[in-house]
Amino acid sequence: IEFFSYGCPHCSDLEPYLQTWLKTAPADVQFRRVPVMFQDRWKALAKAYYTLEAMGEDVRLSPEIFKAVHVTGTPLYQDKAFFDWAASKGLDKAKVIDTYNSFGVDSKLKRAMVVAQEYNVQAVPMIVVDGKFVTMSDRIGGHAAMPSAIDTLVAKARSERPKT
């Protein structure tokens, strides 16, 4: 699990390393993201994430959201800006709006808040492997070290599993 926010500059800096790692991630490793909402703007960005996820576009467009927020300064935390941006990426604007305002996205937001509390997330990006091994870029020497750290934690988790 990556705890993150599109609004976090450190998460944005980590994104290229994660994208590279995801291309070679072991087939038996499931990667998922949980957006955190440390501020109001991040709540809207979390809704944007869950909207894209529900539409099957999160993998394709997450790197683009980071660029829009951190490189071009697009205020995607504003609903209209996000809807217009999504339409510019080829998504049906009406479907984006409906999904963004849906019960399903709202439920995922509430669940994300609970999960972040359960893991005591105090800063992002934070990676949790197997529900118990936690790492952060600042603890391991920077973002470039994250793929190797994740692989190490995956190996540790595997080694602790009972042999069948």
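1. Basis. The model is predicted, so local features need pLDDT of at least 70 and side-chain atom pairs count only at pLDDT 80 or more, while totals for chains, interfaces and linings use all residues. Residues are numbered from 1 along each chain as its sequence is written, and side-chain values use heavy atoms, with hydrogens and water left out.

2. Strands. Helices (H or I, at least four residues) and strands (E, at least two) are DSSP runs, numbered from the N terminus. Two strands pair if DSSP finds at least two bridges between them. β1 and β3 are antiparallel, over two bridges. Phe3 has Met126 of β3 as its bridge partner. β3 also pairs with β4 (133-135), again antiparallel, over three bridges. There, Val128 stands opposite Val134.

3. Faces of β3. In a regular strand, side chains alternate between the two faces of the sheet. Met126 and Val128 point one way from β3; Ile127 and Val129 point the other way. All four are buried (under 20% relative accessible area; exposed is over 50%, partly exposed in between; 1.4 Å probe, protein chains only).

4. Cores. A nonpolar core is a set of buried Ala, Val, Leu, Ile, Met, Phe, Trp, Tyr and Cys residues joined through side-chain atoms within 4.5 Å. The largest has 41 residues; Phe3, Tyr6, Ile65, Phe82, Trp85 and Val124 touch the most other members. Elements giving two or more residues to this core are β1 (2-4), α2, α3, α4 (79-88), α5, α6 (103-118) and β3. The largest share, eight residues, comes from α2. Apart from this core lies another, of eleven residues, including Phe133, Met146, Ile150 and Leu153.

5. Phe3. Contact means heavy atoms within 4.5 Å. Beyond its neighbours within four places in sequence, Phe3 contacts Val34, Val36, Val115 and Tyr119, among others. Its contacts also include Met126 and Val128, two residues that point one way from β3.

6. Helices α4 and α5. Ala81, Phe82, Phe83, Trp85 and Ala86 are buried in α4. Their cover includes α2, α3 and α5. Gly90 follows α4, with a positive phi near 95°. Thr99 sits in α5 (93-100). Thr99 counts as buried because its relative accessibility is 14%. Leaving aside neighbours within four places in sequence, Thr99 contacts Thr51, Ala54, Met55 and Val105.

7. Largest pocket. On a 1 Å grid over the protein atoms alone, a cavity is a set of points where a 1.4 Å probe fits but cannot get out; a pocket is an open set with protein on both sides within 12 Å along at least five of seven lines, and lining residues have an atom within 4 Å of a point. Grid points are joined across faces, edges and corners; volume is the space filled by probe spheres set on the points. The largest pocket has about 460 Å³. Of its 18 lining residues, Asp28, Val29, Gln30, Val129 and Asp130 lie nearest the centre. α8 (146-160) and β3 each supply at least two; α8 gives the most, four.

8. Second pocket. The second largest pocket holds about 170 Å³. Gln19 and Val59 are among its lining residues. They are 40 residues apart in sequence and 9.1 Å apart in space, C-alpha to C-alpha. Val59 lies in α3 and counts as exposed because its relative accessibility is 63%.
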